[in-house]
Amino acid sequence: REALLVLAGTAALPDSLMAMGRAVHQRVRAGTLRVLDPHQNETVATIAELIIPKTDTPGARDAGVPAFIDVMLADWGDDEQRQMFTTGLANVDERSRTAYGKTFIACSPDQQSEILQDLDYELAQARDAKTDTSGNFFGMMKWLTLTGYYTSEVGATGELHYRVVPGRFEPCYPLEQR
């Protein structure tokens, strides 16, 4: 989790990213999927929870990351991005069926982690080779998970200790005379 804070920009997300994330979280309607079907949504939720698991602090599911991702895909993503993302989810299930004979969400947590480690390794190799990773499903999944988590109320206030206005503004504060 501490490493993810570094990836997310340490303890200070840019205000524009925080504002965008909060706006997306406000658009979420409980139980309403706009892009993903229920199986895809559960796959997203499982992957996000493996990226940011529940520990002594809330995990990705608790922060509403799956619904955040669905809204991001619906309102901010274009058709090409939505297609890339859903194709990536299908590829995760295909990898799971090839390796374990079942869908990703039916696999054990260890099996799921192994599949994600393979995806992460492939992403790292592409970055090392200076290949364009903008169309990489797992890179997009990680970015959406981190953004969704750290712009949620639990992520922003509980982990980043974000305050919209730190303290209060007192323009005429009396100073002690020495």
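These exercises work through a predicted model of a protein.

Residues are numbered from 1 along each chain as its sequence is written. The model being predicted, local features need pLDDT of at least 70 and side-chain atom pairs count only at pLDDT 80 or more, while totals for chains, interfaces and linings use all residues; side-chain values use heavy atoms, with hydrogens and water left out.

**Exercise 1. Overall make-up**

Task: State how many helices and strands the protein has, and what share of its residues is buried.

Solution.
- Step 1. Helices (H or I, at least four residues) and strands (E, at least two) are DSSP runs, numbered from the N terminus. The protein has eight helices and zero strands, and the pattern along the sequence reads α-α-α-α-α-α-α-α.
- Step 2. Buried means under 20% relative accessible area, exposed means over 50%, and partly exposed lies in between (1.4 Å probe, protein chains only). Of the 178 residues, 39% count as buried.
- Step 3. The accessible surface comes to about 10,800 Å², and carbon and sulfur atoms hold 52% of this surface. Such areas come from the Shrake-Rupley method with a 1.4 Å probe; for residues, only the protein chains shown count as cover.
- Step 4. A contact means heavy atoms within 4.5 Å. Among contacts with a separation of 6 or more, 71% join residues 24 or more positions apart.

**Exercise 2. Helix α3 and its two partners**

Task: Describe how α3 packs against α5 and against α6.

Solution.
- Step 1. Two packed helices are described by the angle between their axes and the distance between the axes. Axes are lines fitted to C-alpha atoms, for helices over the stretch in contact, and angles run from 0 to 180 degrees between N-to-C directions.
- Step 2. Helix α3 (residues 38-51) and helix α5 (residues 79-100) pack at about 75°, with axes 11 Å apart. The two helices are therefore roughly perpendicular. Angles under 35 degrees count as roughly parallel, over 145 as roughly antiparallel, 65 to 115 as roughly perpendicular and the rest as oblique.
- Step 3. On the α3 side the contact uses H39, Q40, T43, V44 and I47; on the α5 side it uses F85, T86, L89, V92 and D93. By class there are five nonpolar, four polar and one charged residues. Ala, Val, Leu, Ile, Met, Phe, Trp, Tyr, Cys and Pro count as nonpolar, Asp, Glu, Lys and Arg as charged, and the others, Gly among them, as polar.
- Step 4. For α3 and α6 the angle is about 80° and the axes are 11 Å apart, which means that this pair is roughly perpendicular. T46, I47 and L50 of α3 meet Q112, S113 and L116 of α6, giving three nonpolar, three polar and no charged residues.
- Step 5. L50 of α3 is partly exposed because its relative accessibility is 30%. Not counting residues up to four places away in sequence, L50 touches F104, Q112, S113 and L116. L50 and P109 are 59 residues apart in sequence, with C-alpha atoms 8.3 Å apart.

**Exercise 3. From α6 to α7**

Task: Describe the contact of α6 with α7 and the residue K130 in the loop between them.

Solution.
- Step 1. The axes of α6 (residues 109-128) and α7 (residues 137-150) come within 9 Å and cross at roughly 105°, so α6 is roughly perpendicular to α7.
- Step 2. L116, L119, D120 and L123 in α6 meet F138, G139 and K142 in α7. The contact has four nonpolar, one polar and two charged residues.
- Step 3. Most residues other than glycine have a negative phi. K130 has a positive phi, near 60°. K130 is exposed because its relative accessible area is 75%.

**Exercise 4. Helix α4 and V65**

Task: Say which residues of α4 are buried and what V65 touches.

Solution.
- Step 1. Helix α4 spans residues 65-75, and eight of its 11 residues are buried. They are V65, P66, F68, I69, D70, V71, M72 and L73.
- Step 2. V65 counts as buried because its relative accessibility is 0%.
- Step 3. Leaving aside neighbours within four places in sequence, V65 is in contact with A48, A60, T145, G148 and Y149. The C-alpha atoms of V65 and S152, 87 residues apart along the chain, are separated by 8.1 Å.

**Exercise 5. An aromatic pair**

Task: Classify the ring pair of Y149 and Y150.

Solution.
- Step 1. Rings of Phe, Tyr and Trp (its six-membered ring) pair if their centres lie within 6.5 Å; planes under 30 degrees apart count as stacked, over 60 as edge-to-face and the rest as tilted. The structure holds two aromatic pairs.
- Step 2. The ring centres of Y149 and Y150 are 5.0 Å apart and the planes stand at 85°, so this pair is edge-to-face. Both Y149 and Y150 are buried.
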